[in-house]
Amino acid sequence: MKILSIANQKGGVGKSTLSVHVAYAAIEAGMRVLLVDMDKQASLSLSFPAPGNAEPGLFASRLYTPGAMEARPQVLTERLGIIRADNALLSIDKAENEVIRQPGQALRQFAADYDLCVIDTPPLLGIRLMASLAAADYVVTPVSIGLYELAGVADLMATIHVIRTQGFNPRLKHIGILPMKVNSRSTDAIKALAALQQQYGPIILKEALAERAPVKKAISMRRPVWTHTSGEGHLKAAHEWRAACAAILDRLN
């Protein structure tokens, strides 16, 4: 099982939306996917409601408990399971650094049941974000194009460096930075994207995602944007999101 964290130390950049679509794309590619919601806002959990007869399953805060996991992820379909966010996550950031490695060890207990684990991370630096990066084989960074959002990229790059060099996870690979919510009609947005590409070079994924209304509608309908397409804007969104998710999955090697 490969573990992918979707992370940025800035909220509102589209982490949960990207997590949802990467999961759908992986399932369509034949993978068995485990979702982990480390964000107390629980947007990822909300996107995948439980079947009526499903057991509650393992909650994310329990991943920080040493030892074997008695509970299992909640089974949504034959190819999809989820570890949901819960209220106890709020207390995790008050824990000692010793628990940072624990979720990675806990998740590996489910390696035989899943091919890919996608972790949706909280938007602030703390134990949960550090633990999500320590658990991961790969990390991808979605980023909105704007002054405040771009400042968050530098913060996350510094955090990734700490995770790699301080013994938490030297194997962590940064897939790249994915520009999202790009307003192609805005001169300022185009200039900001060019500045991002100049600053970070080849780690900027070329599959930039434009700000498009069909994406928000698809999330509200709990389905990927490339289904039930109608209209030119929707078709463009479908193509862009399929390409971005495929690019991310192709880099998991």
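**Briefing: cysteines, pockets and a buried glutamine**

At 0% relative accessibility, C245 counts as buried. The structure shown here is a predicted model, and a search through the whole of it finds zero disulfides.

**Cysteines**
- C245 takes part in no disulfide, and the nearest cysteine sulfur to it, that of C117, is 16 Å away.
- C117 has a relative accessible area of 0% and therefore counts as buried, since buried means under 20%.

**Largest pocket**
- The largest pocket holds about 490 Å³ of space, and among the 24 residues that line this pocket, G12, V13, G14, T17 and K181 are the closest to its centre.
- Helices α1 (15–28), α2 (43–47) and α8 (213–220) each contribute at least two residues to the lining of the largest pocket.
- By residue class, the lining of the largest pocket consists of 10 nonpolar, eight polar and six charged residues.

**Second largest pocket**
- The second largest pocket has a volume of about 150 Å³, and its lining is made up of V182, N183, S184, R185, A210, E211 and R212.
- Two nonpolar, two polar and three charged residues make up the lining of the second largest pocket.

**Residue Q74**
- Q74 lies in strand β3, which covers residues 74–77, and it counts as buried because its relative accessibility is 4%.
- The side chain of Q74 reaches the backbone oxygen of E55 at 2.9 Å.
- Leaving aside residues up to four places away in sequence, Q74 touches A50, A54, E55, P56, G57, L58, L80, G81, I82 and R84.

Conventions. Residues numbered from 1 in each chain as written. Predicted model: local features only at pLDDT ≥ 70, side-chain atom pairs only at ≥ 80, totals over all residues. Heavy atoms only, no water. Helix = DSSP H or I, 4+ residues; strand = E, 2+ residues; numbered from the N terminus. Buried < 20%, exposed > 50% of the residue type's maximum accessible area, 1.4 Å probe, protein only. Polar contact = N/O pair within 3.5 Å; in protein donor to acceptor, adjacent residues only side chain to side chain. Contact = heavy atoms within 4.5 Å. Disulfide = S-S within 2.5 Å. 1 Å grid on protein atoms, 1.4 Å probe; cavity = no way out; pocket = protein on both sides within 12 Å on 5 of 7 lines; lining within 4 Å. Points joined across faces, edges and corners; volume = space filled by probe spheres on them. Nonpolar A, V, L, I, M, F, W, Y, C, P; charged D, E, K, R; others polar.
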